[in-house]
Amino acid sequence: GTITVHVDQPTVELPETLYGLFYEDINYSADGGLYAELVQNRSFEYYPVEGWNRRSQTMQPLTAWEKVCDKNEDCSLAVESSDPLNDVNMNYLRLTITKPGDGVGVANLGYDGISVKEGETYEFSVYAKRTTDNQLPLHVRLEGEQGEIASAQIDTLSKEWTKYEVPMTARRSDAKGRLVLLTGGTGDVMMDMVSLFPRNTFNERKNGLRADLVQALVDLKPAVFRFPGGCIAHGQGLDNAYRWKDTIGDVAERKPNWNLWGYHQSYGLGYYEYFLLCEDIGAEPLPILPVGVSCGFRQPFQNALMDQLQPWIDDAVDLVEFANGPVDSHWGSIRASMGHPKPFGLKYVGLGNEDHHTPEFEERFPHFVRALREQAPEVKIVGTSGLGPEIPIYEFMSAQGCDLSDEHYYESPEWFIANAHRFDNFDRSKTKVFVGEYASRGNQLYNAVAEAVYLTGIERNADLVQMTAYAPLFARYDYTQWTAADLIWFNHDTVVRTPNYYVQQLFSVNKGDKYLKNESEFDAALSSESLPSVGHVGVGTWDTTAVFDHIQVKVGDDVVIKDGFTDEDTDNGWQVLSGAFARGNEGYAQSDQAAKPSLTIHETPIETPEAVLTLRAKK
Ligand code: AHR
């Protein structure tokens, strides 16, 4: 084939902002994910919630906690709220020891265990007090299968709520560790905000983020970072909206909320941490604010009454002051008190997420635009066009004078390929476009290639499309609500970059300055005959850097292969699936949730370790 590049013809400038990220707390992307806190339910605030998470209804104030007593001892655990730390952090634990022994207390199991690493220092902290005259100590331990791994001691607890902080260094690694808090003597101990962080967070920040996950973002060289949602930005009902003011200040004083994906948000990763993250990864922050209407896809639909809209508008304007205001402004001083006197330099504010084009929305939205234009003229406004391909409210966003409008689509790979020319004929007099969420519903090579095809069309139209972001960004293995496709999969200590990730990286890291007009012509399609055979490989490792569009997989008898795999080529137990196994131990293929455990190739999540995967190229 031939490719002709016309270097002498008019070109499109590729904006600096073209390749960004969209981060939402879905699939445990915040607590249990990016937020490096290792204790689950540290503040005893869990309760059953709605959502697509299989754990939603089973959540309780003592989720992830268990009593530690041997048969000669006795104690009880209760979650109370009559003597809280403060009025937003109501629940705390009461540990009552009626029959003391060598060590009686409580343990936190993290998210299916706490991964402890030899040589790593962990920062433990807790608010605690005793209610008896006995001088009760607190022994803090990290335990693994072989017993104690690290320990620290708080000699005696005060009778007032007091914050205690002690570091511990692990002598051994254990992927399934637990945090154990023991005391001696008879009496009552109260505890809240029980916390354990690795010292080694990204940039060693306190209350920081997981270094390996942030590194996966840095390696994408993102120019823009859209957060915190997505659906959670406007929430399920007005009480459930993400209100950024609840998420700043001392972590013990942040008002937690439930997450409409079916779990809890401690807000330990809040707006201040988001701005710091943007600084760390070199991306422009793009916060999304709710506009006084709740998620149009979820009951109950709610609209703030017009005479109660002002606090929602204030949130938008005040956020700009929090990010950019001088240290003597109200919100700027709070930013400074948290450790960042220098402004964050916020340039964009997003209004709404996939909001339905109702009369109530039309009535409310312009108030936000007007207030921002008047009080924060330095920011560009990103409106919301909705879930494509129809993008129902792009015209409305244009009429409102938004600088950009954010359109989303989750479609088939074929749709992305067929729509590589989507923007060729868009009216250039209208608002510029942010493709703020898209994915071709799969993590196979074919999906990644389809997304790459689509991005070529975006580059050709980059005078109009100024920003893009794949979605969702993260998924914690076995804690997912969105399984169709996610960019980065992870568990407690493994990070898996999908084929789609490498396409994002390819485009972002190698972004040019200008798009050159080009034509290509090919005579023949690539033949599968040219694929090499990879031979036989055991679970957990393989050693090929080849990328295949078809791979045959044979699994043990006990592994059920369900929908999502093409079985027409089944031959003596061989199944054919599309997938990309591209990077040694990081290979990953997904076709559906049920089959995934047998096909995820990394250390621990294989639930059928006795099954041997054998891979070979299809002939
Ligand atoms: O990315 C997952 C969800 O898809 C987002 O929360 C929402 O904006 C979209 O519908």
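## Confidence

pLDDT is the predictor's confidence in each residue, on a scale from 0 to 100. The model is predicted, so local features are given at pLDDT of at least 70 and side-chain atom pairs at 80 or more, whereas totals for chains, interfaces and linings use all residues. Residues are numbered from 1 along each chain as its sequence is written.

The protein chain has a mean pLDDT of 85, with 84% of its residues at 70 or more. The model's scores are ipTM 0.99 and pTM 0.85. Over residues 523–619, pLDDT stays under 50. Where pLDDT is low, the predicted coordinates should not be read in detail.

## Sheet 24-25-26

Three strands form an open sheet in the order 24-25-26, with mixed pairing. Strands are DSSP runs (E, at least two residues) and helices likewise (H or I, at least four), numbered from the N terminus; two strands pair if DSSP finds at least two bridges between them. Strand 24 (474–476) and strand 26 (495–497) each have a single partner strand, so one side of each lacks a neighbour in the sheet. From one strand to the next, the twist averages 20°, where axes are lines fitted to C-alpha atoms (for helices, over the stretch in contact) and angles between N-to-C directions run from 0 to 180 degrees.

Strand 25 (residues 488–490) runs antiparallel to strand 26, joined by three bridges. In this pair, W489 stands opposite V496 of strand 26. Helix 1 (residues 211–218) packs on the sheet, touching strand 25 and strand 26, and its direction makes about 15° with that of strand 26. Contact requires C-beta atoms, placed from the backbone, within 7 Å.

## Ligand shell

Around the ligand are 13 residues, of which G230, C231, E354, A471 and P472 come nearest; a residue is near if its C-beta atom, placed from the backbone, lies within 6 Å. The shell comprises six nonpolar, four polar and three charged residues. Ala, Val, Leu, Ile, Met, Phe, Trp, Tyr, Cys and Pro count as nonpolar, Asp, Glu, Lys and Arg as charged, and the others, Gly among them, as polar.

Terms used: Contact = placed C-beta atoms within 7 Å.
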